[in-house]
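Please look through the sequence and the structure shown here before reading on, and keep both in view. The paragraphs that follow lead from the loops to a helix, then to the core and the ligand.

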Amino acid sequence: MVKIKKLGINKPLNPSLNCRPFAIVYGHPVADKTRILKENVPGKWYVDDSCTPCHVCLEEAPKLLKYNEDQTYVYFFQQPQTPEELDAAQRALDICPTGSIGNDNE
Ligand code: SF4
């Protein structure tokens, strides 16, 4: 099941139409920490099993993320430590089209 982050805008833009724009109501999908890939190193940041993989996050955080052996998904081989690495991890999360990257693990 894909979890969806709602942005909190629930009123129709045009009340007479009683409809809402899809992108605003449903927003960006978010990662599911119950589906963390086992290869992720322990920590707050992770990739879940919805990774396609499309590769774009690797361009943002090559020092943190890499492919698994048969290149069917990516995972965090290192948790971000420095401010620069945290920025890179956040950019990877923001750019992931499937919402497969999360930062809410314990
Ligand atoms: S951007 Fe998302 S879907 Fe694409 S490879 Fe990275 S984690 Fe996987």
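Glutamine 71 counts as exposed because it has 10 C-beta neighbours inside 10 Å; by the rule used here, a residue is exposed if 12 or fewer other C-beta atoms lie within 10 Å of its own, buried if there are 20 or more, and partly exposed in between, with C-beta atoms placed from the backbone. Glutamine 71 is found in the loop between β4 and β5, and its phi is near 55°, a positive value in a residue other than glycine. Residues are numbered from 1 along each chain as its sequence is written. The model is predicted, so that local features need pLDDT of at least 70 and side-chain atom pairs count only at pLDDT 80 or more, while totals for chains, interfaces and linings use all residues.

Another loop, the one between β3 and α2, holds histidine 55, which has a positive phi of about 90° although it is not a glycine. Histidine 55 counts as exposed because 11 C-beta neighbours lie inside 10 Å. Proline 53 also lies in the loop between β3 and α2, and a cis peptide bond, with omega about -15°, joins threonine 52 to proline 53.

Turning to the chain as a whole, the secondary structure comes to three helices and six strands, where helices (H or I, at least four residues) and strands (E, at least two) are DSSP runs numbered from the N terminus. Read along the sequence, these elements follow the pattern β-α-β-β-α-β-β-α-β. Of the 106 residues of the protein chain, 22% count as buried.

In α3, Ala88, Ala89, Ala92 and Leu93 are buried. These residues cover an arc of only 140° around the axis, which puts them on the same side of α3, the arc being that of the directions from the helix axis to the C-beta atoms. On the other side of α3, Pro83, Glu84 and Asp94 are exposed. What covers the buried residues of α3 includes α2 (56–60), β4 (65–67) and β6 (101–102).

Which residues does alanine 92 touch, not counting residues up to four places away in sequence? Alanine 92 touches Cys57, Glu60, Ala61, Leu65 and Ile101, where contact requires that two C-beta atoms, placed from the backbone, lie within 7 Å. Alanine 92 counts as buried because it has 26 C-beta neighbours inside 10 Å. The C-alpha atoms of alanine 92 and valine 56 are separated by 7.6 Å, although the two residues are 36 residues apart along the chain.

The largest nonpolar core has 18 residues, and those with the most contacts inside it are Leu65 and Ala92; such a core is a set of buried Ala, Val, Leu, Ile, Met, Phe, Trp, Tyr and Cys residues joined through C-beta atoms within 7 Å. The elements that give two or more residues to this core are β3 (46–47), β5 (74–76) and α3 (83–95), and the largest share, four residues, comes from α3. In soluble globular proteins, nonpolar side chains tend to be buried together.

Finally, there is the ligand. Of the 13 residues around the ligand, Cys51, Pro53, Cys54, Cys57 and Cys96 come nearest, a residue being near if its C-beta atom, placed from the backbone, lies within 6 Å of the molecule.
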